[in-house]
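User: Got a model here that I'd like to walk through. Can you take my questions as they come?

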Amino acid sequence: MDVDGARILLPGATGEVGRALAHRLYSAGATLHLAGRNETELRALQGRLPGTGASSFDAYDLDSCAALTRRAAQRMGGLDAVVSCIGVPAFGAADTISEAVAEHLMTVNALAPMAFLRAALPLVTAGGVLAAVTGVVAENPPPKMADYAAAKAALAAWLHAVRKEQRRHVAVVDLCLPHLDTGFAGRAVAGQPPKLPRGLAVPAAVDLIMRELTGPETVARASGPARRESAE
């Protein structure tokens, strides 16, 4: 996909990766609609990227996520890509995670990204891209991260199936990033993170995402090898 001039919806734009990706896409000439949970941070980011649209959303209101996608497409005069950077972790042995936390993890990490991408399916232009950040945790779940890993794995499975359905129309890309050095673990909704190795820096993670979005054969590579090439 040629990012220059592309109309891109970016859910999760106020997170570390989403914010850095927004700057990179904007610099490359994309027309952006930013979506984030934190209204203050969202408006601050919008102010740094003149001409972008912005909408806040509640990941628990899945219908509103879908409606936001449709509004963004209408505002931009079409939709060429959606790149979801939504995510939140939790830590602890499975028998210490409450059902409320488990539901929160599944909703934020899987159902909300799916809602944005599902709504985009009939809207995105042929040759466009639908992508979501999952992570190495989806492929190799570590102990004390079972529910978080399960949510990310659910999103990865959904992307894999939709990729097959849409292979003649759009690229559906699983952005399976490595462990990142973003302070993400410190914002967990429950538990304390285990000792983790030093993660990949955010600029390097954005490099990986841009490579997937702008590769000359994005649709062809999105059938499976792309996921392995950018494994988290």
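User: Is the crossing of α3 and α4 right-handed or left-handed?

Analyst: The crossing of α3 and α4 is right-handed. Handedness works like this: left-handed if the near helix is turned anticlockwise from the far one by less than a right angle, right-handed if clockwise. Helices here are DSSP runs (H or I, at least four residues) and strands are too (E, at least two), numbered from the N terminus. One caveat: this is a predicted model, where local features need pLDDT of at least 70, side-chain atom pairs count only at pLDDT 80 or more, and totals for chains, interfaces and linings use all residues. Residues are numbered from 1 along each chain as its sequence is written, and side-chain values use heavy atoms, with hydrogens and water left out.

User: At what angle do the axes of α3 and α4 cross?

Analyst: Roughly 35°, and the axes come within 8 Å. The axes are lines fitted to C-alpha atoms, for helices over the stretch in contact, with angles from 0 to 180 degrees between N-to-C directions.

User: Which residues make the contact?

Analyst: From α3, Leu62, Cys65, Ala66, Leu68, Thr69 and Arg70. From α4, Leu111, Ala112, Ala115, Phe116, Ala119 and Ala120. Contact means heavy atoms within 4.5 Å.

User: New topic. How many aromatic pairs are there?

Analyst: The count is one aromatic pair, taking rings of Phe, Tyr and Trp (its six-membered ring) with centres within 6.5 Å; planes under 30 degrees apart are stacked, over 60 edge-to-face, the rest tilted. The ring centres of Phe57 and Phe116 are 5.1 Å apart and the planes sit at 80°, so this pair is edge-to-face.

User: Where do Phe57 and Phe116 lie?

Analyst: Phe57 is in the loop between β3 (53–56) and α3 (62–76), and Phe116 is in helix α4 (residues 99–120), so the pair ties together parts 59 residues apart in sequence. Both Phe57 and Phe116 are buried. Buried is under 20% relative accessible area, exposed over 50%, partly exposed in between (1.4 Å probe, protein chains only).

User: How many residues of strand β4 are buried?

Analyst: Six of the six in β4 (residues 79–84), so the strand is largely enclosed by the rest of the structure.

User: Which strands does β4 pair with?

Analyst: Strand β1 (residues 7–11) joins β4 through two bridges, running parallel. Strand β5 (residues 124–133) pairs with β4 in the parallel sense over five bridges. Pairing requires at least two DSSP bridges between the strands. Leu9 stands opposite Val82 in β4. Val83 has Ala131 of β5 as its bridge partner.

User: Last one. What is the phi of Lys144?

Analyst: Positive, about 65°, although Lys144 is not a glycine. Most residues other than glycine have a negative phi. Lys144 lies in the loop between α5 (136–139) and α6 (146–166). At 52% relative accessibility, Lys144 counts as exposed.
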